[in-house]
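Hello,

Here is the structure I promised to pass on. Please open it alongside this message and read the notes below with it.

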Amino acid sequence: MSIIDLHSHSTRSDGKESPTEVFEHAAAAGVNILALTDHDTVKGWPEAAEAAQKLGLGFVPGIEVTSVARVQQEGRQRLISVHLLAYLPDPNHKAFHKMLGDTLTTREARGKSIVDRLAEDIDITWEMVLGHLEEGATIGRPAIADTLVTMGLVQNRSAAFDYYLSTDGPYFVSHDTVDVVEAIELIIKSGGVPVIAHPLTHVTEETNSEDLPREHFELMIDAGLMGFEVFHRDVPEPARNWLLDLANKHELIVTGSSDYHGIHGKPNRLGENTTSSEMFERILSAGNGSQALL
Ligand code: AMP
Ligand code: FE
Ligand code: FE
Ligand code: ZN
């Protein structure tokens with residue numbers, strides 16, 4: 001039986017290890033098949049494919065696409081960030097490629113806005129943040145977190161997210177990227193399989209107002225959403241049951257994955273959640289924009 005982990009990040013986005021190191025760590029953890037799913041980029045695919053081949057692992061090409069849901073709440077519009085895992089897309093599909101390019105541009109502008117806000121209170125500059133990113137890597141809050149660590153203001157990335165980079169903190173700026181419905185349609189057009197990453201992360205028994213309203217799931221399913229990453233450390237128990245029922249009702253794919261960001265990136269460990277062979281086969285038969293190396 002294969003151990004299949006379909007969500008990981010490298011230094012091509014906000015992971016702390018190169019694609020080669022990620023695959024080496026996957027092999028050491030006993031993972032047999034791994035998807036590299038850097039945020040909004042495919043820059044890690046060639047190196048991942050080579051490392052996987054050397055190590056005798058399977059490689060699944062993926063992207064974690066940053067999209068937003070525009071939700072009307074209490075009389076105002078809220079932008080809720082939705083991460084979509086796109087498996088086996090064709091990165092050269094014109095409209096899909098443009099979407100990724102646009103997102104990288106808005107990610108840079110948004111990163112600069114967050115740093116501008118922080119700079120009113122602390123001595124941080126954009127150049128310092130760039131110093132924590134590989135050339136061409138996708139920009140996100142983790143690079144700003146790494147800068148705050150170097151400045152000695154926090155101990156690690158997580159501590160930076162607790163205050164300076166918190167969604168409801170004073171310095172936060174929302175992503176303003178492609179609408180989730182359009183992103184789903186473009187992933188499908190590019191031959192990819194759209195699966196929502198770590199859905200309903202903020203839902204608790206008491207409140208479900210902080211996350212995507214449940215009606216929005218029907219909208220995404222109508223647009224062609226093919227699955228949910230139910231087994232992920234950040235998806236709370238009550239949300240899991242609700243998602244499993246919904247997946248059953250619509251015959252959707254259910255996955256489990258680690259969302260690894262490197263040993264020092266996040267506590268998530270390779271292989272800590274896995275996807276069944278049956279579900280993986282469904283992804284393989286639904287996607288035809290690029291090839292898994294198995
Ligand atoms: P951004 O894409 O700029 O909105 O940043 C979100 C990214 O930050 C996610 O993809 C995670 O990798 C990372 N992240 C979020 N919360 C934490 C945390 N508490 N500790 C470490 N990394 C985090
Ligand atoms: Fe990330
Ligand atoms: Fe994510
Ligand atoms: Zn991720």
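This is a predicted model: local features need pLDDT of at least 70, side-chain atom pairs count only at pLDDT 80 or more; totals for chains, interfaces and linings use all residues.

**Metal sites**

There are two iron ions to look at, ligand 2 and ligand 3, and 5.3 Å separate them.

Start with the iron ion that is ligand 2. Its protein donors are Asp14 (OD), His39 (NE2) and His261 (NE2), at 2.2 Å. Along the sequence these donors follow the spacing D-x24-H-x221-H. Aspartate 14 and histidine 39 link distant parts of the chain, 25 residues apart. Aspartate 14 sits in the loop between strand E1 (4-5) and helix H1 (19-28). Histidine 39 sits in the loop between strand E2 (33-36) and helix H2 (45-55). Both aspartate 14 and histidine 39 are buried.

Now the iron ion that is ligand 3. Glu64 (OE), His83 (ND1) and His198 (NE2) are its protein donors, at 1.9 to 2.2 Å. Their sequence spacing is E-x18-H-x114-H. Histidine 83 belongs to strand E4 (residues 76-87), while histidine 198 is in the loop between strand E5 (193-196) and helix H8 (215-223), so this pair ties together parts that are 115 residues apart in sequence. Histidine 83 and histidine 198 are both buried.

**Ligand 1**

The shell around ligand 1 holds 14 residues, and those that come nearest are His39, Arg110, Arg141, His175 and His261.

Helix H3 (94-119), helix H5 (141-150) and helix H6 (157-162) each supply at least two residues. H6 gives the most, with three.

Which polar side chains contact ligand 1?

- Arginine 110 has a polar side-chain atom 2.6 Å from an oxygen atom of ligand 1.
- Arginine 107 has a side-chain N or O atom 3.2 Å from an oxygen atom of ligand 1.
- Serine 158 has a side-chain N or O atom 3.2 Å from a nitrogen atom of ligand 1.

On its own, ligand 1 has 490 Å² of accessible area, and the protein covers 84% of that.

**Aromatic pairs**

The count comes to six aromatic pairs. Two are worth a look.

One is tyrosine 163 with tyrosine 164. Their rings are 4.9 Å apart centre to centre, with 65° between the planes, so the pair is edge-to-face, given that the cut-off for this class is over 60 degrees. Tyrosine 163 is partly exposed, at 43% relative accessible area. Tyrosine 164 is buried, at 14%. Tyr163 and Tyr164 form one aromatic cluster with Tyr171.

Another is phenylalanine 217 with tryptophan 242. This pair is also edge-to-face, with 5.1 Å centre to centre and 80° between the planes. Phenylalanine 217 is in helix H8 and tryptophan 242 is in helix H9 (residues 237-250), so the pair ties together parts that are 25 residues apart in sequence. Phenylalanine 217 counts as buried, at 0% relative accessibility. Tryptophan 242 is partly exposed, with a relative accessible area of 25%.

Best wishes

Definitions and conventions. Residues are numbered from 1 along each chain as its sequence is written. Chains are lettered from A and ligands numbered from 1 in the order in which they are written. Side-chain values use heavy atoms; hydrogens and water are left out. A residue is near a molecule or strand if one of its heavy atoms lies within 4 Å of it. A polar contact is a pair of N or O atoms within 3.5 Å; within protein, one must be able to donate a hydrogen and the other to accept it, and residues adjacent in sequence count only if both atoms are side-chain atoms. Accessible areas come from the Shrake-Rupley method with a 1.4 Å probe; for residues, only the protein chains shown count as cover. Helices (H or I, at least four residues) and strands (E, at least two) are DSSP runs, numbered from the N terminus. Donors are N, O and S atoms within 2.8 Å of the metal (3.2 Å for Na, K and Ca); water is not among the atoms, so sites may look incomplete. Buried means under 20% relative accessible area, exposed over 50%, partly exposed in between (1.4 Å probe, protein chains only). Rings of Phe, Tyr and Trp (its six-membered ring) pair if their centres lie within 6.5 Å; planes under 30 degrees apart count as stacked, over 60 as edge-to-face and the rest as tilted.
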